[in-house]
Amino acid sequence: MIRQPWNELILADEGRASARLVQRRIALRIRDAARIIALPALVAMVGGLIMFAVSTRPLPLGKGATAWVIASTPTIAFADLLNRSDLFAPNWWMSVGILALVALPGVNVTLILWENVRLRRWRDALAATGVLVILAAGALMARR
Amino acid sequence: MLITWASLALVGLAAGIMGALLGLGGGIFLVPALSILFGLPIRVAIGVSLVGVIATSAGVAAAARPGGGADTGLAMRLELVSATGALAASLAAGRLSPQVLSLLFAGIVLATAAYTYRKSRRARPAVTEASVEALFRTGYHPTHWPAGLAMSGLAGVLSGLTGAGGGFIKVPVMYSIMDVPLGVATATSNFMVGITAAASALVYYARGDIRPLVAVPTALGVFVGAIVGARLARRLPVDTLRRLLIGLLIFIAAQMIWKGVKGS
């Protein structure tokens, strides 16, 4: 090729375009990696919550909390990576985690209510219903 | 970013350990630490503390000794007023100025210091099989319900306003006033503080006072710290540590008063 000033410019443009393409490919790989990490964490969290919700022990809070810790720790550790993904931004992910944690006592009260209905302890069941109503009122006020 | 999160988790860990050594939640140390060291607005610090209280309540419930759990019937009855108080207070907290909240928190810290001082002066009885059995004895009947309900309501209000768990009110009320065995009172109080905190946490969350990126690493630290602290409490000279922590509590109260008066 005859080296002329306009050819140099074309070559430089191609170089920049190629660099942008490489950057884009790296960004896509990072996004894919973030999804690979985030999905098992989501599954662990939801699975943990279901596991503890179906438990028949009177105080199953610990299982839910442990699942929460297991799910949250890798999210924080890989938060920088997740931050580059639109779908699994740490702020969104951690908001879900917080709401799940705040819901834990409510689920526990529901289980206590069920236990009391099963054992026909109606006064305790009524008190548990009252607590659930208060928690639900809090959730409704929060929605406003 | 990771360094900030690691620092938040470490602060949570330290607050959780110190809270467990004092027999309290981590909130009493967490709120001033986030407010003074990290410069977070006091409402955000309180919101984060509430998330930490829920995590700690859940974590410690998991580690409870078999057969030594909470009295859920008693907890549900007391929670009716406690959760209502917390909900009302969390709504009111949105209208109070940060200065008033700082001063209220300073009051709670001073009350905690006085409670810890009284507790450290009491002679600790030798741990025998019979004494452990007495701690968790069954067949008791709680008494003085009106006083118990009123004090539980107050604990809920304070929790909603300051982000503290309120265990330092609930345990003595159940034990000294309602004649509930100490072990059962402690387990029941720990179970209750999570529900009380959940009632007000939703309001703080909706108001934008719970910032997920701050709350999650801090709550994780408090959760681990509370479990580590509870184990350390059995091995360390807790009475000496408590006296040292009373000094720290008074220092924290002075800082919060200064913050409240200065208005920043």
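**View 1. Chain B as a whole.**
The secondary structure of chain B consists of 11 helices and zero strands. Read from the N terminus, its elements run α-α-α-α-α-α-α-α-α-α-α. The chain has 264 residues, and 54% of them count as buried. Among contacts in chain B with a separation of 6 or more, 85% join residues 24 or more positions apart.

**View 2. Confidence along chain B.**
The predicted model scores ipTM 0.80 and pTM 0.75. Chain B has a mean pLDDT of 81. In this chain, 86% of residues reach 70 or more. Where is confidence lowest in chain B, and where is it highest? Helix H6 (residues 129-135) of chain B is lowest, at a mean of 62. Helix H4 (residues 72-93) of chain B is highest, at 92.

**View 3. The largest nonpolar core.**
This core holds 93 residues. Which of them touch the most other members? They are Phe29(B), Met76(B), Met174(B) and Val180(B). Helix H9 (residues 182-206) of chain B gives the core its largest share, 14 residues.

Met76(B) is among the core residues that touch the most other members. Neighbours within four places in sequence are left aside here. In chain A, Met76(B) is in contact with Val109(A), Ile112(A), Ala127(A), Ala128(A) and Val131(A). In chain B, Met76(B) contacts Phe191(B) and Ile195(B). Thr72(B) is found in helix H4 of chain B. Is Thr72(B) buried or exposed? Thr72(B) counts as buried because its relative accessible area is 17%, under the 20% limit. Beyond residues up to four places away in sequence, Thr72(B) touches Ile112(A) and Phe191(B).

Helix H7 of chain B covers residues 145-162, 18 residues in total. The buried residues of H7(B) include four glycines: Gly148(B), Gly153(B), Gly156(B) and Gly160(B). Ser152(B), Ser159(B) and Thr162(B) are buried too. Ala155(B), Leu158(B) and Leu161(B) complete the list. Just after H7(B) comes Gly163(B), with a positive phi of about 80°.

**View 4. Ser200(B) in helix H9.**
Ser200(B) sits in helix H9 of chain B. Ser200(B) counts as buried because its relative accessible area is 0%. Which residues does Ser200(B) touch, not counting those up to four places away in sequence? They are Leu50(B), Ala86(B), Ser90(B) and Gly160(B). Gly160(B) is itself one of the buried residues of H7(B).

**View 5. Leu220(B) and Ala55(B).**
Leu220(B) lies in helix H10 (residues 212-232) of chain B. Leu220(B) counts as buried because its relative accessibility is 10%. Leu220(B) and Ala55(B) are 165 residues apart in sequence. In space, their C-alpha atoms are 7.6 Å apart.

**View 6. Arg207(B) and the ring of Tyr204(B).**
Arg207(B) lies over the face of Tyr204(B). The distance from the ring centre is 4.7 Å. How many aromatic pairs are counted over all chains? The count comes to zero.

Conventions
Residues are numbered from 1 along each chain as its sequence is written. Chains are lettered from A and ligands numbered from 1 in the order in which they are written. This is a predicted model: local features need pLDDT of at least 70, side-chain atom pairs count only at pLDDT 80 or more; totals for chains, interfaces and linings use all residues. Side-chain values use heavy atoms; hydrogens and water are left out. Rings of Phe, Tyr and Trp (its six-membered ring) pair if their centres lie within 6.5 Å; planes under 30 degrees apart count as stacked, over 60 as edge-to-face and the rest as tilted. A charge sits over a ring if NZ of Lys or CZ of Arg is within 6 Å of the ring centre and within 35 degrees of the ring normal. A nonpolar core is a set of buried Ala, Val, Leu, Ile, Met, Phe, Trp, Tyr and Cys residues joined through side-chain atoms within 4.5 Å. Buried means under 20% relative accessible area, exposed over 50%, partly exposed in between (1.4 Å probe, protein chains only). Helices (H or I, at least four residues) and strands (E, at least two) are DSSP runs, numbered from the N terminus. Contact means heavy atoms within 4.5 Å. pLDDT is the predictor's confidence in each residue, from 0 to 100. The expected span of a helix is 1.5 Å times one less than its number of residues.
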